[in-house]
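Welcome! Open your viewer, get ready to select residues by number, and follow along stop by stop.

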Amino acid sequence: MYSIGTLLCAFTWDFYSLLIFRFITGLGVGGEWATGQTYINETFPDELRAKFGAFMQSGAPVGVILASMVGGLVTPIIGWRMTFLVSIIPAITIIFIRKYLDESDVWIQNKDKYVNRSILKQFKELISREHRKIFLISLVLCIFGMSAYWYTYSWLPTYLEQERGLALLSTTFGVILIQCGDFTGYTTFGFVAEKLGRRPAFTIYSFIMALGISMITIFWNQIEHVHDLLYVFMFLTGFGTGFFGGFGSLFSELFPTKIRNTAVGTVFNLARGAQFITPVIITTVASYFDLSYGIAIAALFALLVGIWIWVFPETKGTVLNDLD
């Protein structure tokens, strides 16, 4: 659905058809992340869950870098419609990959208990007295995390180029450097989470992200004369984003198999949907002050992630079958 929605964008004839096709693409994104994370976390051994959930998330910055390269280098040659047509390639590869994947181990062991449960019943159970509290605090955590991400990334290239006067090449290098930080943060988060626990790992990484964002926004004037420092803090901004690699394992360790995928998907997508107000808030703040203060709001949300995680129980070492 993700790839087909993007493919259809190549055939848009007006603004509204593009909106419809992007909506289809969004449906694919929303379903894919939750299902993929749940699959990973139900398949790998309990003591490796956080590592492999974070490894899967590390594909995101790689994809962003590849997309940037295609958009910057290939699109000027083949045009935007052909660029959208290229998006069918991931769908074709998935057809072949899927042939070699078995269903998750935990689901196979428990599916007979839940075979006739309706979607509506799953949602009702998610907000039942038994699961309501953990669902709501998970949603708040994810909203904080999503806000930290989108307040940073949605306007960052514009901010660096237009308000800070960086050349296009320097801006591009900075964005790629942040994505390299993302990749490093995602791939290392799982090791820290397995060593120290989920809560300390979230706090360490989110506080690093807050530091990086603060330095490249409200404290820019203090470090702008040392370009190496600018790039260090750009990298740290991306590195701190590594806490995103822990959402899948954390949420999977909080809910039983009968509602796990429903819970993970609902939390993730409600938090993602709440970000529709992010551009409005950033531009409003920027109109009164400047864009740096709008983006700096992300640092506050990153700090909230590191604090709010401590209302959760520590889930390191959880055996998923014990939740059933």
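**Before you start.** This is a predicted model, in which local features need pLDDT of at least 70 and side-chain atom pairs count only at pLDDT 80 or more, while totals for chains, interfaces and linings use all residues. Residues are numbered from 1 along each chain as its sequence is written, and side-chain values use heavy atoms, with hydrogens and water left out.

**Stop 1: the core.** Select L141, F202, F243 and F251, the residues with the most contacts inside the largest nonpolar core, which has 64 residues. Such a core is a set of buried Ala, Val, Leu, Ile, Met, Phe, Trp, Tyr and Cys residues joined through side-chain atoms within 4.5 Å. Buried means under 20% relative accessible area, exposed over 50% and partly exposed in between, using a 1.4 Å probe and protein chains only. Now colour helix α9, residues 132-153, which gives the most to this core with 12 residues. Helices here are DSSP runs of H or I with at least four residues, numbered from the N terminus.

Which residues does L141 contact, leaving aside its neighbours within four places in sequence? Show F202, F247, L250, F251, V305, W308, I309 and F312 to see them. Contact means heavy atoms within 4.5 Å.

**Stop 2: a loop residue.** Move to F244, in the loop between α14 (227-240) and α15 (247-252). Is F244 buried or exposed? F244 is buried, with a relative accessible area of 6%. Not counting residues up to four places away in sequence, F244 touches Q57, G145, M146, Y149 and Y186.

**Stop 3: α17 and α18.** Select residues 278-288 for α17 and 291-308 for α18; these helices pack at about 140°, with axes 7 Å apart. That angle makes α17 oblique to α18. Axes are lines fitted to C-alpha atoms, for helices over the stretch in contact, and angles run from 0 to 180 degrees between N-to-C directions. Angles under 35 degrees count as roughly parallel, over 145 as roughly antiparallel, 65 to 115 as roughly perpendicular and the rest as oblique. Look for I281, I282, V285 and A286 of α17 meeting L291, Y293, G294 and I297 of α18.

**Stop 4: α2 and α16.** Finish with α2 (residues 15-43) and α16 (residues 260-273), packed at an angle of about 140° with their axes 9 Å apart. The two helices are therefore oblique to each other. Among the residues making the contact are W33 of α2 and F268 of α16.
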